[in-house]
Amino acid sequence: MGDRDEEEELQMALRMSLHGSPPAQPEPKRSKPPSPAGESPEAEARRKQPVAPPVTVAPPAAVAPPAAVVVPPPSQPTAVVAEQPSAPEDVKVESESTVVPMEDVKEAEVELEVDVGEEEKGEELHPELAEKLWLMVFGSGVSKAVLAQWSNQGIRFSSDPETAMGLVQHEGGPCGVLATVQAYVLKYLLFFSDNLGNPEVSDPSFALGQRRFYQSSFAARDDFSSLTEDGKTRALVHAMVEILFLCGTGKRAVVAFIGGVIREVSGLDNNQQKVDAALEGISVESAIDFQKVLRIITFTSRKDAFNMLLANIPLFRSRLGAMLFLISSLLSRGLDCIQADRDDPSQPLVTAPFGHASQEIVNLLLCGEAVPNVFDGKMDLGGGMSLKGIPSDVEVGFLTLLESLNLCKVGQYLKCPKWPIWVVGSESHYTVLFALNPNVQEENELEERESKIRRAFDAQDQSGGGGFIAVEGFQQVLRDTDITFPSDKLDDLCNAGVIVWSEFWQALLQLDKRAGGMKDPTGLMGKKQFTIYHFNGIAKSVLNGSGNTGGSTPIQRPRICKLNVSVPPRWTQDEYLADVVSSSASGSKNDSVLSLAPPVQTACQHAPLVDCIRTRWPRAACSWSGDVPSIV
């Protein structure tokens, strides 16, 4: 045995001499993992270093970085705590404040060698970063009531079968976070239900192919009670991953968690009570508390982020879940970038006195930037000053009651998202509107026809937008658009030598669609009809029983409402002005005064939500059964 030990030591010394002396710091990345049969010399050298930069963690036998030990589910590859060279300074993965005691490093290595992890140790927040984060979110004078709202709101699904797809809100304030996450969850439940097992389904290239598939006659199902707990959990995790990488410009996601609580989870449901118990006694009431309990891990792989969040979803279901996800989003974007996005960075993101999520928070989760406005692009104010709006198209959109009150203007990026899902804002609350069929956003046949004819007419308009063309140009328009007028009508239009758009349009409205006109033989005049759903996550007390009888107990239940929507065709401003019945004398503001379009039915129902819907579909008529849909 002695000779064998000496031989092994000699071989080890020979290997070390071939590799050279161990470096003062380990290499930032490893090209291959050490042999599972035993610990390599590099691992032994690394264990002797008091501080080590983060590295990519290889499969189970690999040595973890001291700064953060991530233990994924046993069946998945080990998560990555990756160095991001281009990351903003406030969320750099490397930090001098992440010194881990030697005994913790050794313990972590043992955990990985036996594939068992009791805790994951992420990077601590530097005190200055914690202070900056706290002031950015809550400001310097936050009340205990507001902190209580944000410290007692988990990201949990409703237990009610009718609203099983919805996240429940018990506290006021975090609704902006919950509603936006809810919108992304619905995207995956409705349109990616067959791909929830793919940890990289949130990748934009995958979503593009799925959207093309659904731009047909396919529609999602509304049988929400049939959703499985596993499917809902995976949809939630996909939503979280997509938002965090959106905030991180597609390159990284920072996950914030409570140190000592995150761990390897063998089952998703039976560990919630343990996580909730572990959080008892933990309070987050100051920047110092932030610094003490918060830990962060940075991911550059969607798959690794998905696996980590899926394994530890009970933490985000806990009472600190909404706050942790907001912090994760802010750190993924970078605090310096957040402040640069805002028009007034001196104000806290959680607004006083009621603790509501600001529009900047909602926009951050929708478009990846904490801009304060909802119009498209930037608004130049002159003198080098501008206001920032939504920079590009988005996956899920936004509508607001404030637009119906002429207090703001929502741009097309938010009104026409890639998927038919919208966060709906009121003066004090956020809810969600969604459709099962993406076709609700498409123009109907007559609207498309009108657009095509107008483009052809404008191409021949030599008046600089005056709305009239010569006879020669008119003949070209008729050829380009396959319009066939009776000879007498054609002579009437051409008698004056020029054709005015308003007269041409009136003639088209009387010409049958089969001859290229706009007259609809069905009598619907291009009316669009569809179904849309509204979800309000605020839990409302209802009796759990067949009636107000003894023994019935009140339960908390969110609300969902199914609305039938009928939308007349959208005409251009010229047609509207030509055909409108003058209301100047009466001062009427009725939007249904277009003479040749079907009027809004008097039997339609009204609620503030309908005003929001009409900012997207003008003159829409809505009806529903049961309680009035509430956006507060």
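These are my notebook entries on a predicted model, taken element by element.

**Entry 1: the whole chain**

I started with the overall counts. The chain holds 23 helices and 15 strands. I then looked up burial. Of the 632 residues in the chain, 51% are buried.

**Entry 2: strand β8 and its partner**

I moved to β8, which spans residues 397-400. I asked which residues point which way from β8. G397 and L399 point one way, and F398 and T400 point the other way. I found all four of these buried. I noted the general rule beside this: in a regular strand, side chains alternate between the two faces of the sheet.

Then I looked for the neighbour. β8 joins strand β9 (residues 421-425) through 4 bridges, and the two run parallel. At residue level, F398 stands opposite V423 in β9.

**Entry 3: T400 in detail**

T400 is found in strand β8. Is T400 buried or exposed? I read a relative accessible area of 4% for T400, so this residue counts as buried because the cut-off is under 20%.

I checked the polar atoms of the T400 side chain next. One of them lies 3.1 Å from the backbone nitrogen of L402. The T400 side chain also reaches the backbone oxygen of G425, at 3.4 Å. G425 came up again when I listed contacts. Leaving out residues up to four places away in sequence, T400 touches C408, V410, G425, C612 and T615.

**Entry 4: M385, for contrast**

M385 is found in strand β7 (residues 385-388). Its relative accessible area is 53%, so M385 is exposed, because the cut-off there is over 50%. With residues up to four places away in sequence set aside, M385 touches M379 and D380.

**Entry 5: β9 and β10**

I followed β9 onward to β10. The two strands form a hairpin with 4 residues between them. They pair in the antiparallel sense over 5 bridges.

How many residues of β10 are buried? I counted 5 of the 5, so β10 is largely enclosed by the rest of the structure. I also checked the two sides separately. Y430, V432 and F434 are buried on one side of β10, and T431 and L433 are buried on the other. Both faces of β10 are therefore covered, because residues on each side are buried.

**Entry 6: aromatic pairs**

I turned to the rings. The count comes to 17 aromatic pairs. One of them is F398 with Y430, a tilted pair with 6.4 Å centre to centre and 50 degrees between the planes. F398 lies in strand β8 and Y430 in strand β10, so the pair ties together parts that are 32 residues apart in sequence. Both F398 and Y430 are buried.

I looked up another pair, F474 with F504. This one is edge-to-face, with 5.1 Å centre to centre and 90 degrees between the planes. F474 sits in helix α19 (residues 471-481) and F504 in helix α21 (residues 501-510), 30 residues apart. I found F474 and F504 both buried.

F457, F474, F485, W501, F504 and W505 form one aromatic cluster. I also noted a charge at W501. The charged end of R454 sits over the W501 ring, 4.5 Å from its centre.

**Entry 7: the β1-β3-β2 sheet**

My last stop was an open sheet of 3 strands. Their order is β1-β3-β2, and the pairing is antiparallel. Why is one side of β1 and of β2 left without a neighbour in the sheet? β1 (123-124) and β2 (253-258) stand at the edges, and each has a single partner strand, so one side of each lacks a neighbour there.

I checked the β1 pairing. β1 and strand β3 (residues 294-299) pair in the antiparallel sense over 2 bridges. In one of these bridges, E123 has I296 in β3 as its partner. Finally I looked for a helix against this sheet. Helix α11 (residues 302-311) lies across β2 and β3, running at about 145 degrees to β3.

Key. Residues are numbered from 1 along each chain as its sequence is written. This is a predicted model: local features need pLDDT of at least 70, side-chain atom pairs count only at pLDDT 80 or more; totals for chains, interfaces and linings use all residues. Side-chain values use heavy atoms; hydrogens and water are left out. Rings of Phe, Tyr and Trp (its six-membered ring) pair if their centres lie within 6.5 Å; planes under 30 degrees apart count as stacked, over 60 as edge-to-face and the rest as tilted. Buried means under 20% relative accessible area, exposed over 50%, partly exposed in between (1.4 Å probe, protein chains only). A charge sits over a ring if NZ of Lys or CZ of Arg is within 6 Å of the ring centre and within 35 degrees of the ring normal. A polar contact is a pair of N or O atoms within 3.5 Å; within protein, one must be able to donate a hydrogen and the other to accept it, and residues adjacent in sequence count only if both atoms are side-chain atoms. Contact means heavy atoms within 4.5 Å. Two strands pair if DSSP finds at least two bridges between them. Axes are lines fitted to C-alpha atoms, for helices over the stretch in contact, and angles run from 0 to 180 degrees between N-to-C directions.
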